[in-house]
Amino acid sequence: MRVRARARVRRTLVTTAAAVTTATLLLAGCAQDPDESPDQGAPATGTSGGAAQTTLTVGVFGAFGLQEAGLYDAYMAQNPGIRIEQTSIERNENYYPQLLTHLGTGSGLADIQAVEVNNIAEITATQADKLVDLAKAPGVDKAAYLPWKWAQGTAPAAKGGATVGLGTDIGPQGICYRKDLFEAAGLPSDRAAVGALWAGDWNKYLETGRTYKAKAGEGKAFVDSASGVMAAVTGSSAQRFYDDQGKVVYKTNPAVRGAFDLAATFATDGLSAKLQQFTPAWDQGFSNGNFATVSCPAWMLGYIQDKAGPAGKDKWDVAQAPKPSNWGGSFLVVPKAGKHAEEAAKLAAWLTAPAQQAKLFEKRGSFPSASAAYKLPSVSGAQHAYFGGAPIGEIFAKAAEGVPVTVVGPKDLVIAQNLADIGMLQVDQKGRSPQEGWEAAVKAIDNALDQ
Amino acid sequence: MTDETAVLSPSAVGPKRPAAEGGGRSGRDGRGQVWRSRRYRWDLRFSPYAFVAPFFLFFAAFGLFPLLYTGWAALHQVELTDPGSMTWVGLRNFTRLWDDEFFWNALRNTVTIGLLSTVPQLAIALGLAHLLNYRLRGSAFFRVAVLTPYATSVAAATLVFVLLFGRDYGMVNWALSALGFDAVDWQNGTFASQLAVSTIVIWRWTGYNALIYLAAMQAVPGELYESAALDGASRFQQFLHVTVPSLRPTIFFTCVVSTIGATQLFGEPLLFNGGAGATGGSDHQFQTLGLYLYEQGWVNLHLGRASAIAWAMFLILLLVAGAARLLRGRKDSR
């Protein structure tokens, strides 16, 4: 999850994938824009009245894609009084602390700021009073969003219950697998049959791994890393690290410990390639094909295509994950301290409206958080050429709609990161026992949460 | 204007005024002259302060104030989510460091990585400087070449080293296996990872230190070498008995600078983790003090705790400097 920002940067490559497969739909998508301009463009131009230009700034991390997908240009064309400027910081690790200090001092803020999903709970819990309630912004339709995504951007009732973050994309997960390796191991390679192998139960995924290993022989791993499995399994449970009351419960929550132990079994059974995700060695693993599956959020497809290269074409495919699960995604917030908070709220609403999210998916591969967009042909009909023409719109929409309303907590990122980078990595790479890895992670997390 | 100002303090000037030959004009001149000389004295006395003032103003704003403010923050519980609200906790952030095994682990790592990198680095630099001090064809080329690693950015260098030290497809392991050794997991082994991080530091800084030594070597009078040669000293003996003693202050200087650098080691271990966070490996095996400070402040967002670590690092450096001074003082007095 920590790597989300890095992944985002590399998602540039998703463009290629999405653009190739949906080139025709793309044209259709562009043609849609004029149709929706009357209902939103008109009032905006009306307020500015052709008077002095208003410059709105948008602060994002990584290659967020809004600009690259041409959304700013489209909005400026509809609203001649508005000029949009974007500032971008490469990594969320650098972007987020800066955003916090700016919110604290009320200066240096952009009119719209992006927030990563792992930080959103901290933002809603501690910064809600400094942000505009976007539920009331013109053009925002709560019903268009996935309920769980909407809930994540909403502050707890004790903090006023304002919806300060509008969801942009999400990361519903599938399982990306190597057809050729599956065939060699005597497993089915058709994506429906592969999905059926483990449908409904992560333990079946483990069982498939054991079958694979028995036939594939030495040197071929089933998954890339144990922590990848853990992220996918924890992403499919409603309660993870915090309970409804906002108490830290990761230590006692059976869902977390279960995910940890299940993922650790991949390591202890020798099914893992013992890699750390988003490191150079992991990248090399894709091109060398030394693992057969990886649990992949929608935004990771382009990354895989990039790293596995042309040689991997028609070898990779994507199947339904055992359970619907989410990994990653972002929000847009509007600081009250901004000079044009009202105009900014309008822009944020427009940028995250279903039509724009669908366009972002077409152009950048970021999967929409607005479920209303799933019916649009550019999403429902999307296929991924590199992944054997997999109907990614259908696969990921199904996953997205099945994701439970996850309780997010302010320190989700820190907990997830230590579970993966300390606990699971010790089991996977250092050969420690799952119990030792768990204890090391707990110790590190306790130290990190202690103020 | 000069006139007027001078008139304002006539008593001091009056009696010493050289005898006027007559007329107000010369009197005016005299006054002006005195004023000028006074201004000259003031100029001599105060201008240097004006010239260095910008530095001290900037130092106060960007050096002293952050230092003091960090000290102030270290006495509070303060989170980056709300830097404005500080709760006074006294020395708690410091006292808790005694029981913080991650802090001691980071300190231990900093010392071992510091030794692993500084000692070979300075030794190699000294030898390299000695070689560069010979009459060489194209000496300028070699001097520049030796400095190139220093001009490379930490990030670029470290990313290359990460690839070289890769477990599965790294060049170092490839070379090792070609020589018949087992592959080493450079990321996960405690000593292996620290050695790998040290290698990056050594690679980057050896040339820099070599040039400093070279500059100092060229200031050693040639007669010393001549007489040593006449006495039958070999090249190595000359190095040992003429060069090294003459270089003692320089060596001390590079030791101090390297120690400071080693204490603040940050970029190399951060990036050696493949961009996967500030944990310094799954077992914190190469987490340095700088990295731990960053993790507390910018990952866990505990500004108070991070400030306390920063001040602890500062105090450790002062302790080391004090110890070095004591040692040196004892040596000198002998």
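## Largest pocket

Helix 5 of chain B contributes ten residues to the lining of the largest pocket, the most of any element; helices here are DSSP runs of H or I with at least four residues, numbered from the N terminus. The model is predicted: local features need pLDDT of at least 70 and side-chain atom pairs pLDDT 80 or more, while totals for chains, interfaces and linings use all residues. Residues are numbered from 1 along each chain as written, chains are lettered from A and ligands numbered from 1 in the order written, and side-chain values use heavy atoms, without hydrogens and water.

The pocket holds about 640 Å³ of space. On a 1 Å grid over the protein atoms alone, a pocket is an open set of points with protein on both sides within 12 Å along at least five of seven lines, a cavity is a set where a 1.4 Å probe fits but cannot get out, and lining residues have an atom within 4 Å of a point. Points are joined across faces, edges and corners, and a volume is the space filled by probe spheres set on them. Of the 25 lining residues, Cys255(B), Val256(B), Thr259(B), Ile260(B) and Val320(B) lie nearest the centre of the pocket. Helix 5 (101-132), helix 12 (248-263) and helix 15 (303-333) of chain B each give two or more residues. The lining has 20 nonpolar, five polar and no charged residues, where Ala, Val, Leu, Ile, Met, Phe, Trp, Tyr, Cys and Pro count as nonpolar, Asp, Glu, Lys and Arg as charged, and the others, Gly among them, as polar.

## Interface of chains A and B

The contact (heavy atoms within 4.5 Å) takes 41 residues from chain A and 38 from chain B. About 3100 Å² is buried between the chains, 46% of it from carbon and sulfur atoms; buried area is the accessible area (1.4 Å probe) lost on putting the two parts together, summed over both. Lys430(A), Asn447(A) and Gln451(A) supply 20% of the area that chain A buries, more than any other three residues.

Four salt bridges cross the interface, each a side-chain nitrogen of Lys or Arg within 4 Å of a carboxyl oxygen of Asp or Glu. Glu101(B) and Lys443(A) form a salt bridge at 3.5 Å, N to O.

## Largest cavity

There are ten cavities of 30 Å³ or more, and the largest has a volume of about 260 Å³. Its 22 lining residues include Thr279(A), Ala281(A), Gly166(B), Arg167(B) and Gln187(B), which lie nearest its centre.
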